[in-house]
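Subject: Structure for your review

Dear colleague,

Please find below the structure that I am handing over to you. My notes on what was found in it follow, and I would ask you to read them with the structure open.

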Amino acid sequence: MSSGSPAASSEWKFSQVFGERTPGEDVQDVDVISAIDFEKKGDYLATGDRGGRVVIFERTDRSDCRSRKELESLDYTANRQPDYRYKTEFQSHEPEFDYLKSLEIEEKINKVRWCATSNGSLFILSTNDKTIKLWMVKDRKIKKVKEMDQNPSLCLENALLAEKSFMMDQHKTSVPNGYRLEWTNKVAKNMSPASQESITKNGETSPARCRRVYGHAHDYNLNSISNNSDGETFVSADDLRINLWNLEISNQCFNIIDMKPSNMEDLTEVITSAEFHPIYCNILAYSTSRGFIRLVDMRRSALCDQNARILQDREAHGSKTFFTEIVASISDIKFASDGRHILSRDYMNLKLWDLHMEASPVATFKIHEYLRPKLCDLYNNDSIFDKFECCLSGDGHQFATGSYSNLFRIFTHGDGSGEGTTLEASKNPNRKQHVQTSSRPRRTSLSNLTRGQFRLGHENFSSSENGGVPCDLKSKLLHLAWHPTTNLIACATANSLYMYYNA
């Protein structure tokens with residue numbers, strides 16, 4: 001990730017929407033999207049919702065098989081905007097009840113993660129608060145009866161055949177399929193081609209089968225699952241523990257990180273997110289509620305929590321307040337494709353870290369600084385605990401995160417202004433948002449990335465409806481994902497999935 005990379009264009013355009021709501025339409029809680037993930041090549045996209053369903057979309061713009069000469073004659077460009085369509089869906093989790101703990105377990109999907117594909121099958125991990133499942137989705141060709149043409153000659157021949165066989169006791173040589181030759185000849189002559197074709201029809205379906213259930217390994221709610229680059233293992237993380245699994249073994253796992261103290265009154269932090277290194281299968285990163293990112297090498301020890309490098313922004317806090325540690329809690333981390341940088345998101349900021357620089361992030365972008373005077377109100381209505389996700393482009397030069405009022409922000413590596421681009425999850429994402437930005441460059445020896453400050457004008461929102469908070473807290477964009485190979489972002493608001501493309 002070089003500092004001299006050119007900034008990308010800020011002309012983001014609306015691409016597609018699935019599940020678009022009409023104005024004033026009420027959304028059922030079970031239909032709200034709670035997880036998004038692109039398959040490694042970007043050919044498939046999966047979403048999970050609060051009703052326990054997983055929906056899969058497939059890319060369709062690569063189906064044009066015309067020759068290069070034909071495409072050139074049509075002035076056709078192969079670098080088209082990605083286009084997706086609905087493929088299939090399945091019920092991944094059902095509501096459960098833990099009788100031992102008298103605890104209800106919601107069906108809500110917390111995370112979905114794609115696994116390596118094989119033999120044309122798709123494999124995907126999904127998890128709710130307690131149980132992880134491995135699903136296989138494979139296309140199957142089937143034959144369907146479209147309609148049966150009740151041809152008069154067919155009924156007549158059936159009657160004659162029965163009469164000759166049983167009343168007149170006449171037996172004639174039959175063809176190998178068991179039907180009389182005269183009957184088959186007459187049917188073939190009397191039935192039109194259209195009638196014959198309407199009897200059977202080839203179709204395709206994509207059923208999902210549950211291949212593994214990884215359960216009974218977490219006492220606390222799961223917040224993360226991450227696949228390893230070795231293609232064989234994955235980790236699952238709850239508030240206090242991280243377990244290592246083999247995809248083929250569902251009845252045992254290895255506890256590699258345990259932060260549970262002997263006395264729960266001594267608990268000072270919890271795990272908020274975990275992510276495997278994209279290249280080295282022995283490196284794992286996990287974040288905590290104190291704003292730390294810990295890097296562990298699983299080769300050094302069976303229990304990794306005592307052998308960690310800590311990335312901590314020591315310059316982040318001035319005078320501490322009651323809300324300091326709450327807003328410092330990291331809600332999501334993502335490795336860049338180069339494996340050297342990590343993107344993290346806490347309530348107030350988006351931060352880019354270099355693994356060679358532990359004392360402070362390479363750059364900090366202020367997302368919710370305009371809400372700092374309203375932290376007390378946000379605490380009273382629990383909005384301060386909202387967990388916003390973040391994502392990076394495939395080349396690692398751009399990154400994005402969500403905000404309130406269905407807004408999300410995109411930043412470009414090497415952009416000296418540090419302001420980024422603000423878009424709204426709608427068919428008109430670039431409409432004027434009355435955004436005022438001011439930034440202070442914060443240069444380091446490794447990068448010229450800058451801090452950006454994000455302020456929203458109050459004229460767009462009714463402050464009285466939100467306790468004086470200058471944004472719509474009910475319309476929050478928590479989940480988003482970046483296509484691994486192109487500038488396409490998928491983001492979810494309520495039950496709607498929006499996609500935006502930058503050529």
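Pro361 has a relative accessibility of 0%, so this residue counts as buried. Please bear in mind that the model is a predicted one. Pro361 is placed in the loop that links strand S24 (349–354) to strand S25 (363–366). Its C-alpha lies 6.2 Å from the C-alpha of Lys351, while 10 residues separate the two in sequence.

Ser426 belongs to the loop between strand S29 (421–424) and strand S30 (435–440). Its relative accessibility is 13%, and because buried means under 20%, Ser426 is counted as buried. Leaving aside residues up to four places away in sequence, Ser426 touches Phe14, Tyr498 and Tyr500.

Strand S34 (residues 496–501) is largely enclosed by the rest of the structure, because six of its six residues are buried. Which strands pair with S34? Gln16 has Met499 of S34 as its bridge partner, whereas Cys491 stands opposite Tyr498. S33 and S34 form a hairpin with two residues between the strands, and Ala494 there takes a positive phi near 55 degrees.

Strand S10 (residues 132–137) is mostly covered too, with six of its six residues buried. Ile132, Leu134 and Met136 lie on one side, and Lys133, Trp135 and Val137 on the other. S10 is joined to strand S9 (residues 122–127) by six bridges in an antiparallel arrangement, and four residues lie between the two strands of this hairpin. Within it, Phe123 is found opposite Met136. S10 also pairs with S13, antiparallel, over six bridges; here Ile132 is partnered by Tyr214.

The largest nonpolar core contains 16 residues, and those touching the most other members are Tyr347, Leu371, Leu375, Leu378, Ile384, Tyr404 and Cys471. At least two core residues come from each of helix H5 (324–328) and helix H6 (375–380). In soluble globular proteins, nonpolar side chains tend to be buried together. Beyond four places in sequence, the contacts of Tyr404 include Tyr347, Leu371 and Cys471, and also His368, Asp386 and Lys476.

The second largest pocket has a volume of about 1,500 Å³. Its lining consists of 48 residues, with Asp37, Phe38, Lys40, Trp114 and Asn227 nearest the centre. Among the strands giving two or more residues to this lining are S2 (33–38), S8 (111–114) and S14 (224–227). By class, the lining has 21 nonpolar, 14 polar and 13 charged residues.

Finally, some totals. The protein has six helices and 34 strands, and 49% of its 503 residues are buried. Of the contacts with a separation of 6 or more, 58% are between residues 24 or more positions apart.

Yours sincerely

Note on methods:
Residues are numbered from 1 along each chain as its sequence is written. This is a predicted model: local features need pLDDT of at least 70, side-chain atom pairs count only at pLDDT 80 or more; totals for chains, interfaces and linings use all residues. Side-chain values use heavy atoms; hydrogens and water are left out. A nonpolar core is a set of buried Ala, Val, Leu, Ile, Met, Phe, Trp, Tyr and Cys residues joined through side-chain atoms within 4.5 Å. Buried means under 20% relative accessible area, exposed over 50%, partly exposed in between (1.4 Å probe, protein chains only). Contact means heavy atoms within 4.5 Å. On a 1 Å grid over the protein atoms alone, a cavity is a set of points where a 1.4 Å probe fits but cannot get out, and a pocket is an open set with protein on both sides within 12 Å along at least five of seven lines; lining residues have an atom within 4 Å of a point. Grid points are joined across faces, edges and corners, and a volume is the space filled by probe spheres set on the points. Ala, Val, Leu, Ile, Met, Phe, Trp, Tyr, Cys and Pro count as nonpolar, Asp, Glu, Lys and Arg as charged, and the others, Gly among them, as polar. Two strands pair if DSSP finds at least two bridges between them.
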